[in-house]
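Please walk through this protein slowly, keeping the sequence and the three-dimensional view side by side. The paragraphs that follow take up a few helices in turn.

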Amino acid sequence: MDKKRVSQIKEQFDLIIHSDEAANIEFWHARELMPLLGYERWENFDKAISRAIESCETSGIKVSDHFREVTKMVSLGSGAQRPVKDYMLTRYACYLIAQNGDPKKEEIAFAQSYFAVQTRKQELIEERIALIERTEARGRLRESEKRLSQNIYERGVDDAGFGRIRSKGDCALFGGYTTQEMKNRLGAKDTRPLADFLPTLTIAAKNLATEMTNYNVEEKDLQGEHAITGEHVQNNLSVREMLGNRGIKPEDLPPAEDIKKLERRVKSQEKKLAAQSGKLPENRL
């Protein structure tokens with residue numbers, strides 16, 4: 001997500017912040033938050049809130065400190081008013097709701113970052129969004145490689161063969177550098193997957209090549225290590241050529257921070273979030 005888009009979405013989220021000076025807390029109303037998270041129907045959003053409440057309970061955190069059901073009066077076309085269900089939500093509650101959404105939607109990816117950081121500084125939100133994008137890309141690569149492993153096993157290739165196929169694919173993508181040589185270039189431990197130290201762009205490139213291999217292995221019913229290796233190498237070469245046309249050499253991109261360290265840091269931040277979000281005031285209509 002580019003900076004301009006982050007700025008636009010941030011402005012919309014900032015406009016619906018409420019505060020209680022006596023309780024020293026910021027809070028949000030669910031019906032105002034709903035459209036910003038991409039929900040059109042209250043019934044669907046109410047279900048997302050219920051899932052978030054379950055997550056809060058599972059974590060052993062008092063739900064009423066962060067979720068408060070309230071009644072709002074809305075105007076009808078006739079000029080009359082009727083009561084509707086709403087919620088007051090702390091920052092932590094909003095975060096849990098975003099966590100139950102689809103991170104592929106930019107509104108959800110933004111919200112996960114916006115509510116996770118205790119300051120609304122845009123650069124910190126952007127940093128968190130970039131982390132989400134990288135972890136999501138890593139997860140997609142993990143799934144596509146798992147599918148490739150299953151595909152080739154069904155076609156007479158064992159685990160050692162899968163390792164050789166993947167290694168030759170890396171060599172094609174990285175301009176002749178082997179997986180081990182790339183680990184050395186990036187300062188990655190021998191025992192760790194190379195992808196845990198790659199930037200998002202390179203992870204996405206590896207995933208695209210792997211998905212192409214999966215598709216053609218299935219469509220053409222390729223059999224045996226030799227045929228599948230040729231397919232995977234060619235797909236990595238094609239992805240490399242595409243990047244090269246844009247002046248990008250995957251082997252020259254700088255390493256990214258160990259994704260496991262980032263995940264641990266995120267988990268630590270999440271544990272503190274509930275306490276840092278404050279508690280809703282006891283009685284509010």
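A residue is called buried when its relative accessible area is under 20%, and exposed when that value is over 50%. What you see is a predicted model, and these two words can be applied to it residue by residue.

Begin with helix H3, which covers residues 42-58 and has 17 residues. From its first C-alpha to its last, H3 reaches 24 Å, which is close to the 24 Å expected at 1.5 Å a residue. The buried residues of H3 are Trp42, Phe45, Asp46, Ala48, Ile49, Ala52, Ile53 and Cys56. When one looks down the axis of H3, these buried residues fall within an arc of 155 degrees, so they line one face of the helix. On the other side of H3 lie Lys47, Glu57 and Thr58, which are exposed. The cover over the buried residues of H3 includes helix H2 (30-33) and helix H4 (91-99), together with strand E3 (67-75) and strand E4 (81-89). After H3 comes Gly60, a residue whose phi is positive, near 75 degrees.

Is Leu96 buried or exposed? Because its relative accessibility is 8%, and buried means under 20%, Leu96 counts as buried. If its neighbours within four places in sequence are left aside, Leu96 is in contact with Ala52, Ser55, Cys56 and Phe67; of these, Ala52 and Cys56 are listed among the buried residues of H3. The C-alpha atoms of Leu96 and Ala274 are separated by 10.0 Å, although the two residues are 178 residues apart along the chain.

Next, consider how pairs of helices cross. The axes of helix H1 (residues 3-15) and helix H6 (residues 122-153) come within 11 Å and cross at roughly 115 degrees, which makes H1 roughly perpendicular to H6. Their crossing is right-handed, and in it Lys3, Val6, Ser7 and Lys10 of H1 meet Gln122, Ile125, Glu126 and Ile129 of H6.

A further pair is formed by helix H9 (residues 200-220) and helix H10 (residues 224-245), whose axes come within 9 Å and cross at roughly 140 degrees. H9 and H10 are therefore oblique to each other, and H9 passes H10 in a right-handed crossing. The residues that make this contact include Leu201, Ala205, Leu208 and Met212 from H9, and Ile228, His232, Val239 and Leu243 from H10.

Methods: Residues are numbered from 1 along each chain as its sequence is written. This is a predicted model: local features need pLDDT of at least 70, side-chain atom pairs count only at pLDDT 80 or more; totals for chains, interfaces and linings use all residues. Side-chain values use heavy atoms; hydrogens and water are left out. Helices (H or I, at least four residues) and strands (E, at least two) are DSSP runs, numbered from the N terminus. The expected span of a helix is 1.5 Å times one less than its number of residues. Buried means under 20% relative accessible area, exposed over 50%, partly exposed in between (1.4 Å probe, protein chains only). The arc is that of the directions from the helix axis to the C-beta atoms. Contact means heavy atoms within 4.5 Å. Axes are lines fitted to C-alpha atoms, for helices over the stretch in contact, and angles run from 0 to 180 degrees between N-to-C directions. Angles under 35 degrees count as roughly parallel, over 145 as roughly antiparallel, 65 to 115 as roughly perpendicular and the rest as oblique. A crossing is left-handed if the near helix is turned anticlockwise from the far one by less than a right angle, and right-handed if clockwise.
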